[in-house]
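Here are my notes on this one, in the order I'd go through them. Have the viewer open as you read.

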Amino acid sequence: MNKHFAWMSVVVAAAFLSGCAQQTVKNAEQDQSALNSRCYTEFKALQTLDKNAFNVYKQQFNQLNEAYAVYKTNASLINKDSKEMFALELKDKQTLICARVKSAVFNNMNQRSQMLNDI
């Protein structure tokens, strides 16, 4: 009886944990999509707020897109570990550029706020 209970506990725990893992993957994909959307929105706002900063980050995104195109073109020729490493590097660079964009928007709005305080 105890073996049956132990076995059943393992099956229930495994089912529960696999459900959690699937939900975590869905949440991670949704979170990434939300971050990309937020980054795009802030990037578009920067276009009207600070054209110089917009052009700097536009150039960085263009370089990132060019690197991604090379990655996609050669994906079938690259070993699994190299692909994984390069994909991680691309994602990290995207995250970094988005953080820079967010900071530039924040700093610009902060400067505008200071101008209002000076009135």
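Are Cys39 and Cys98 buried or exposed? Both Cys39 and Cys98 are buried, where buried means under 20% relative accessible area, exposed over 50% and partly exposed in between, with a 1.4 Å probe and protein chains only.

1. Ground rules. This is a predicted model, with local features needing pLDDT of at least 70 and side-chain atom pairs pLDDT 80 or more, while totals for chains, interfaces and linings use all residues. Residues are numbered from 1 along each chain as its sequence is written, and side-chain values use heavy atoms, leaving out hydrogens and water.

2. Layout. The chain has three helices and zero strands, and reads α-α-α along the sequence. Helices here are DSSP runs of H or I with at least four residues, strands are E runs of at least two, and numbering starts at the N terminus.

3. The disulfide. There is one disulfide in the structure, and it joins Cys39 to Cys98 with an S to S distance of 2.1 Å; the cut-off is a pair of cysteine sulfur atoms within 2.5 Å. Cys39 sits in helix H1 and Cys98 in helix H3, 59 residues apart, so the pair links distant parts of the chain. The torsion about the S-S bond of Cys39 and Cys98 is about -90 degrees, which makes this disulfide left-handed.

4. The core. The largest nonpolar core counts 15 residues, and Phe43, Leu46, Tyr57, Phe61, Leu64, Ile97 and Val101 have the most contacts inside it. Helices H1 (2-49), H2 (51-74) and H3 (80-117) each give two or more residues to this core. By definition, such a core is a set of buried Ala, Val, Leu, Ile, Met, Phe, Trp, Tyr and Cys residues joined through side-chain atoms within 4.5 Å. Leaving aside residues up to four places away in sequence, Ile97 touches Tyr57, Gln60, Phe61 and Leu64, with contact meaning heavy atoms within 4.5 Å.

5. Helix H3. Its 38 residues should span 56 Å at 1.5 Å a residue, and the end C-alpha atoms are 55 Å apart, which agrees; the expected span is 1.5 Å times one less than the number of residues. The buried residues of H3 are Leu90, Ile97, Cys98, Val101, Ala104, Val105 and Asn108. At the N-terminal end, Asn79 caps H3, with a side-chain oxygen 3.1 Å from the backbone nitrogen of Asp81.

6. Whole-chain figures. Of the 119 residues, 15% count as buried. Among contacts between residues at least 6 apart in sequence, 64% join residues at least 24 apart.

Conventions: A polar contact is a pair of N or O atoms within 3.5 Å; within protein, one must be able to donate a hydrogen and the other to accept it, and residues adjacent in sequence count only if both atoms are side-chain atoms.
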